Amino acid sequence: MDIDDILAEVDSHAVPPATRDLQELTRAWVTERSAPEILPWPDMLMERILERLRRQIELVEEQTGNTDPKANFRLIIIQTELERFKFLVRSFLRARIAKIDAHALHHLTDPSTKARLSPSELQYATAHTSLLHAHYHSSFLSQFPTSLQRMDDTAGGISMVEGPDVDKAVFVRALKDVEEPVYVEGTDTAFDMRRGDVVVVRWSAVREVVMAGDAELI
Amino acid sequence: MYGDHAFKLVQHAKRTQALVHLPHYQTELVRETTREVRDLDKDVSNILAPFEGSFNPSSEPATACSVLVNHLCMRRNKRCLLAYHRVRSDKLEEMCWSGKDILDQEQQAGRQGNGEGSGMASEAGNQSSLSPEEEEYIRQYGDMLAAYKGQWTDIDLTGSLEPPRDLFIDVRVLKDAGEIQTEYGAITLTKNSQFFVRQGDVERLIAQGYLQKLS
């Protein structure tokens with residue numbers, strides 16, 4: 001996915017990279033919060049943002065001793081900005097963690113979702129699941145007949161591992177004209193999305209469009 | 001009746017979701033439910049024993065039915081147990097994230113209960129609402145969370161999830177919290193005094209109940 005192209009289309013006038021990163025982060029945050037399943041980890045974006053946060057924290061630390069009122073005022077603005085950025089990143093990470101915790105086994109067993117986690121999230125998920133299993137085991141599972149001790153039974157045609165509800169309704173705004181009409185699976189509904197259109201639709205129907213960056217969740 | 005204990009557990013779980021604190025661990029119910037599972041499993045093997053592995057469900061529909069019911073009950077009990085423990089561990093994790101020291105609180109509560117309930121059986125007084133397994137779990141979870149948080153030191157993962165409005169806020173001190181260091185020098189927090197401080201510096205203390213944010 002080439003995000004630069006898309007953003008260039010969305011905002012025709014050039015945007016400085018810093019503003020663009022903020023925009024991307026905000027978008028990633030909103031999408032992560034409203035989408036029912038976990039989305040790919042924005043590797044490059046996070047690296048850039050963390051790097052900038054680190055630089056700004058350093059700057060603030062350097063300038064703290066400065067008693068010049070002008071510098072002081074600037075410092076306050078930088079710190080406010082810093083707090084906001086931190087909030088965005090924190091909320092973004094927490095939204096992901098909440099999703100990982102809700103369906104930990106699903107995320108670890110399904111290869112496509114597993115690939116979407118960042119290395120540290122993967123570590124967290126693995127550690128958390130094994131902790132939970134150990135806890136269940138010592139609490140009651142160890143006294144069960146062996147055939148019932150597994151956590152990922154598929155007996156009776158129903159798997160014990162639950163995944164997120166991909167048919168949840170989401171609000172989507174098209175960022176550009178989507179060429180192919182969007183089909184809603186299981187129904188005979190199909191519709192076109194023009195730039196600026198806002199629709200409420202099942203997440204599974206628009207997942208590809210959103211992941212390609214042609215639309216955003218709101 | 002099959003499943004009665006499990007149903008009670010689920011009811012407890014449902015109630016737990018709406019509560020702020022964590023009610024006592026239902027050791028007895030959990031034990032009863034697991035015992036039921038073991039008994040059912042024994043029943044199944046007893047029923048199937050005469051067939052010596054060559055059981056054909058279509059020729060013996062009555063036996064097949066009772067085996068099926070037993071199986072379903074076992075699975076249901078397992079699900080209920082899982083749900084009960086999951087609700088509790090979720091709750092514990094939530095407390096962990098909000099920075100409360102659960103084990104410490106539990107011990108304190110236990111001690112208090114001990115003091116007040118001196119007339120009662122001392123066993124009931126110092127009983128923690130966590131099972132030993134849960135205490136162990138939460139200890140390990142706390143360690144793991146600390147490790148994960150350590151990778152995001154700049155962000156402070158457990159910080160407030162409210163969008164920040166102002167860099168500085170007014171706070172009132174509810175409990176003596178001693179002296180804290182900020183970028184602008186040290187402040188001594190004495191009870192009932194009021195300060196205008198940087199939110200980031202005192203967030204922890206607000207969460208722990210030492211300070212109150214004034215709007």
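In helix α7(A), the residues A:Ser120, A:Tyr124, A:Ala127, A:His128, A:Leu131, A:His135, A:Ser138 and A:Ser139 meet B:Glu133, B:Tyr137, B:Gln140, B:Tyr141, B:Met144 and B:Tyr148 of α6(B), where two residues are in contact if their C-beta atoms, placed from the backbone, lie within 7 Å. Sorted by class, this contact of α7(A) with α6(B) has 7 nonpolar, 6 polar and 1 charged residues, with Ala, Val, Leu, Ile, Met, Phe, Trp, Tyr, Cys and Pro counted as nonpolar, Asp, Glu, Lys and Arg as charged, and the others, Gly among them, as polar. The model is a predicted one, in which local features need pLDDT of at least 70 and side-chain atom pairs count only at pLDDT 80 or more, whereas totals for chains, interfaces and linings use all residues. Residues are numbered from 1 along each chain as its sequence is written, while chains are lettered from A and ligands numbered from 1 in the order in which they are written.

The geometry of this helix pair can be stated as an angle of about 175° between α7(A) and helix α6 (residues 132–150) of chain B, with their axes 10 Å apart; axes are lines fitted to C-alpha atoms, for helices over the stretch in contact, and angles run from 0 to 180 degrees between N-to-C directions. That angle makes α7(A) roughly antiparallel to α6(B), on a scale where angles under 35 degrees count as roughly parallel, over 145 as roughly antiparallel, 65 to 115 as roughly perpendicular and the rest as oblique. Helices (H or I, at least four residues) and strands (E, at least two) are DSSP runs, numbered from the N terminus.

The contact between the chains as a whole takes 32 residues from chain A and 31 residues from chain B. On the side of chain A that touches chain B, the elements giving two or more residues are α3 (43–63), α4 (69–102) and α7 (119–139) of chain A, and the largest share, 12 residues, comes from α4(A). By class, that side of chain A has 16 nonpolar, 10 polar and 6 charged residues.

Turning to chain A by itself, its secondary structure comes to 8 helices and 5 strands, which follow the pattern α-α-α-α-α-α-α-β-β-β-β-α-β along the sequence. Of the 218 residues in chain A, buried residues make up 22%, a residue being buried if 20 or more other C-beta atoms lie within 10 Å of its own, exposed if 12 or fewer, and partly exposed in between, with C-beta atoms placed from the backbone. Among the contacts in chain A with a separation of 6 or more, 62% are accounted for by residues 24 or more positions apart.

The strands of chain A include an open sheet of 3 strands in the order β4-β1-β5, with antiparallel pairing; two strands pair if DSSP finds at least two bridges between them. Because β4 (198–202) and β5 (215–217) of chain A stand at the edges with a single partner strand each, one side of each is left without a neighbour in the sheet. The twist averages 40° from one strand to the next. Strand β1 (residues 169–174) of chain A is joined to β5(A) by 3 bridges, and A:Ala174 has A:Ala215 in β5(A) as its bridge partner. Across β1 and β5 of chain A lies helix α2 (residues 17–34), running at about 60° to β5(A).

Chain B also has an open sheet of 3 strands, in the order β4-β1-β5 and with antiparallel pairing. Its edges are β4 (194–198) and β5 (211–214) of chain B, each with a single partner strand, so one side of each is left without a neighbour in the sheet. Strand β1 (residues 168–173) of chain B pairs with β5(B) over 4 bridges, and B:Val173 stands opposite B:Leu211 in β5(B). Helix α7 (residues 199–207) of chain B packs on this sheet, touching β1, β4 and β5 of chain B, and its direction makes about 120° with that of β4(B).

In the loop between β3 (185–189) and β4 of chain B is B:Asn192, whose phi is near 70°, a positive value in a residue other than glycine. B:Asn192 is exposed, with 9 other C-beta atoms within 10 Å.
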